[in-house]
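Please have a look at the structure first, then read on.

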Amino acid sequence: QAKAAFEVHNSPLSENAAVAFEFGYNVQEPARLVLWEAQYGDFVNGAQVILDEFLTSGRAKWGLTPSLVLLLPHGYEGQGPDHSSARLERFLNAAADTNMRIANCTTAAQYFHLLRRQAMLLKTDPLPLVVMTPKSLLRHPRATSSVAELAQGGFQPVLDDPSVKDAASVQRVIVCTGKIYYDLAAAAEQSGDGSAVVRVEMLYPFPGVELSRVLGRYANAEEIVWTQEEPRNMGAWPFIEPRLREIAGDVPVRYAGRPLRASPAEGYVDVHDAEQKRIVADALAGAAGRKPKSAKTRK
């Protein structure tokens with residue numbers, strides 16, 4: 001009883017040409033939900049000219065209203081630098097004047113509701129949608145959703161920690177986006193130190209009101225930790241840091257993730273595994289073993 005056509009086409013690994021075609025088709029057929037998926041995130045690098053010239057600035061320069069959806073596998077899974085990063089930082093750097101939506105979903109229901117929302121907005125508020133889609137979450141048991149979660153509700157820009165029973169007892173709030181949430185949640189449950197792990201599912205437009213509301217529950221938190229898999233000069237940290245500090249007020253904010261690097265990821269799986277463990281451990285080693293910085297001295 002389908003009321004709309006559903007077509008799947010396999011395109012060659014010529015991202016510049018494929019994304020350009022999909023962009024043009026999308027502009028000519030604005031009533032259709034057009035999605036292009038990269039084989040791996042970094043592969044979209046080949047289409048950077050199309051992204052900069054048309055997708056992110058087409059509305060401002062020429063009054064175009066594209067609504068193309070980019071599904072970019074983005075997740076540090078030990079597959080090397082060209083199979084890890086979809087260059088999230090480049091999209092966030094180009095985000096302004098509400099020119100696109102950028103999301104990083106962690107559950108099947110969130111992903112479904114995000115796409116449904118995009119389809120419903122095609123006529124009233126068409127915008128490009130960039131979705132980070134880690135391949136490991138396709139089979140992750142904790143990323144699944146019930147039929148009820150799929151059939152009811154809607155997309156949530158920020159997800160609070162469902163395991164927290166007493167918000168007043170939380171001393172550390174870890175804020176993250178994407179699949180690293182599952183590593184952090186598992187480690188927090190095992191350590192039992194009472195840390196809360198909050199997920200930012202919509203990065204742009206930045207959900208400042210929603211994030212403020214969630215963080216406001218943790219009135220006794222001694223620190224907020226932004227945790228990411230990407231290097232410090234990549235990922236969401238350069239974009240999120242000033243916004244998170246403004247929301248945090250006098251509560252110290254610190255970073256846990258890979259250090260500054262030229263390459264997005266390691267080339268050896270054992271080094272990758274060691275880094276992932278170090279990042280999670282660093283995120284959970286805060287308030288108890290570290291003297292919080294004052295609002296005047298923190299960087």
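1. Let's begin with C176, which is buried at 0% relative accessibility (buried means under 20% relative accessible area, exposed over 50%, partly exposed in between, with a 1.4 Å probe and protein chains only). C176 is in no disulfide, as the nearest cysteine sulfur, that of C105, lies 13 Å away. A disulfide here is a pair of cysteine sulfur atoms within 2.5 Å, and the count comes to zero. C105 is buried too, at 7% relative accessibility.

2. A word on the basis: this is a predicted model, where local features need pLDDT of at least 70, side-chain atom pairs count only at pLDDT 80 or more, and totals for chains, interfaces and linings use all residues. Residues are numbered from 1 along each chain as its sequence is written, and side-chain values use heavy atoms, without hydrogens and water.

3. Now find the open sheet of five strands, ordered β5-β7-β6-β9-β10 with mixed pairing (strands are DSSP runs of E, at least two residues, and helices runs of H or I, at least four, numbered from the N terminus; two strands pair if DSSP finds at least two bridges between them). β5 (158-159) and β10 (253-258) are the edge strands, each with a single partner, so one side of each has no neighbour in the sheet.

4. Inside the sheet, β6 (residues 172-176) and β9 (residues 223-231) pair in the parallel sense over four bridges. R172 has E223 in β9 as its bridge partner.

5. Lastly, helix α2 (residues 48-55) has I50, L51 and L55 buried. Its buried residues fall within an arc of 100 degrees seen down the axis of α2, so they line one face of the helix (the arc is that of the directions from the helix axis to the C-beta atoms).
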